Amino acid sequence: CDVTLYMCKHGLKAGATKEKNYVFFEVDIRDSKTRLQLCFLDKVEPSATIGEIKNLVYKNGMYQNGTENTRLHMKGKALNDDDVLENLPVGTTATIFFEDLGPQFGWVMVFLAECLGPLFTYLLFYLRLPNIYEPQHDYTRSTFTVVRLACVCHTLHYFRMLVETIFIHRFSHGTMPLHSIMLICLYYWGFAAWQAYYINHPLYTVPSYGNLQVLLALVLFLLCEIGSFSINLVLNRIKCNGSRPGEIPYPTKNPFTWPFFFVSCPNYTYEAGVWLSFAVMTQCVPVALFAFLGFIQMSIWARQKHKMYIETFEDYPDLRTAIIPLFM
């Protein structure tokens with residue numbers, strides 16, 4: 001198909017002309033697997049973004065919104081929707097490869113799958129259903145208070161995340177392919193089962209420092225849960241320009257939001273505190289490993305968001321770091 005992209009921000013309407021020396025781009029859209037041409041875009045504005053080019057492809061019925069990756073090379077790095085055509089390493093004739101990602105699901109569905117799976121998986125082990133442990137332990141309850149507290153805390157955590165997913169979080173219209181969702185579910189559900197198996201095992205032993213260790217960890221856990229909820233409320237109220245924030249998030253009178261003075265992503269800071277305290281409370285290796293891996297991933301996300309804040313706002317507070325105050 002032959003399509004012309006006119007950008008309203010330049011005041012150019014259909015049928016209008018520009019100066020003779022104005023340079024347009026030509027964009028050749030091809031399938032990343034077969035290299036067959038899907039579409040040809042003629043007279044594309046140099047300031048057009050990848051997202052705007054995608055919209056033209058969607059209008060021609062080649063793909064549904066969010067079901068593809070775009071690359072300059074078949075095996076190259078995926079392009080971002082915010083990338084501007086004239087800033088890419090291409091000439092006036094550019095070739096962009098589209099990769100079909102298959103069935104897609106919205107972010108709400110992804111988060112629900114992440115939360116509901118671990119929630120019910122853990123309860124299966126806590127209730128000691130048949131064929132999990134020895135037959136004599138079927139449908140029994142542990143005599144340790146820490147085991148009951150661990151179940152309450154684990155359930156509370158994922159229940160909070162469900163509430164935030166349904167009522168608080170604002171999601172973009174982006175999607176995630178089915179195979180990626182399956183990998184995410186395998187990770188979260190698998191870790192939940194591994195943790196629950198050991199914590200609810202008939203041979204489970206209480207933490208080394210007894211009730212003191214459990215109670216201190218419980219207090220930290222609850223504080224981090226409240227803090228995470230408070231931060232997400234603040235993030236829900238800030239303006240956004242698409243996937244980018246439209247304003248800098250600042251702390252409120254709520255003291256649980258004060259970490260915004262020092263870090264860009266206190267929601268990740270609190271989330272790391274939740275799993276650290278849960279690991280201390282249960283003194284369980286699978287929980288500690290999950291907390292460690294989660295912190296690594298959240299640190300990567302926090303650094304990316306911190307960089308985006310700095311690039312977006314010239315007056316962004318210099319004191320803030322990504323996830324750990326004054327450190328990283």
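Predicted model: local features only at pLDDT ≥ 70, side-chain atom pairs only at ≥ 80, totals over all residues.
R160 is buried, with a relative accessible area of 8%. Keep that residue in view.

Which helix holds R160? R160 lies in helix α3, which covers residues 145-168. Look along that helix for E164. E164 and R160 are four residues apart, about one turn of the helix. Their side chains meet in a salt bridge, at 2.8 Å from N to O. E164 is buried, and R160 is buried too.

Now follow R160 out of its own helix. The side chains of R160 and E225 also meet in a salt bridge, with 2.3 Å from N to O. E225 sits in helix α5, residues 210-237, so this pair ties together parts that are 65 residues apart in sequence. Is E225 buried or exposed? E225 is buried because its relative accessible area is 5%, and buried means under 20%.

Next comes E271. The side chains of E271 and R160 meet in a salt bridge at 3.4 Å, N to O. This pair links distant parts of the chain. E271 is in helix α6, residues 266-282, and R160 is in helix α3, 111 residues apart. E271 is buried as well, with a relative accessible area of 14%.

R160, E164, E225 and E271 are linked in a network of salt bridges. How many salt bridges does the structure hold? It holds four.

Helix α3 has another partner to look at. Two packed helices are described by the angle between their axes and the distance between the axes. Helix α2, residues 107-126, packs with helix α3 at an angle of about 165°, and their axes are 9 Å apart. An angle over 145 degrees counts as roughly antiparallel, so α2 is roughly antiparallel to α3. The crossing of the two helices is left-handed.

Which residues meet there? On the α2 side they include V108, F111, L112, L116, L119 and Y122. On the α3 side they include V147, A150, C151, Y158, M161 and L162. By class, the contact of α2 with α3 has 17 nonpolar, three polar and two charged residues.

How values were computed:
Residues numbered from 1 in each chain as written. Heavy atoms only, no water. Axes fitted to C-alpha atoms, helices over the stretch in contact; angles between N-to-C directions. Parallel < 35°, antiparallel > 145°, perpendicular 65-115°, else oblique. Left-handed = near helix turned anticlockwise from the far one by under 90°. Contact = heavy atoms within 4.5 Å. Nonpolar A, V, L, I, M, F, W, Y, C, P; charged D, E, K, R; others polar. Buried < 20%, exposed > 50% of the residue type's maximum accessible area, 1.4 Å probe, protein only.
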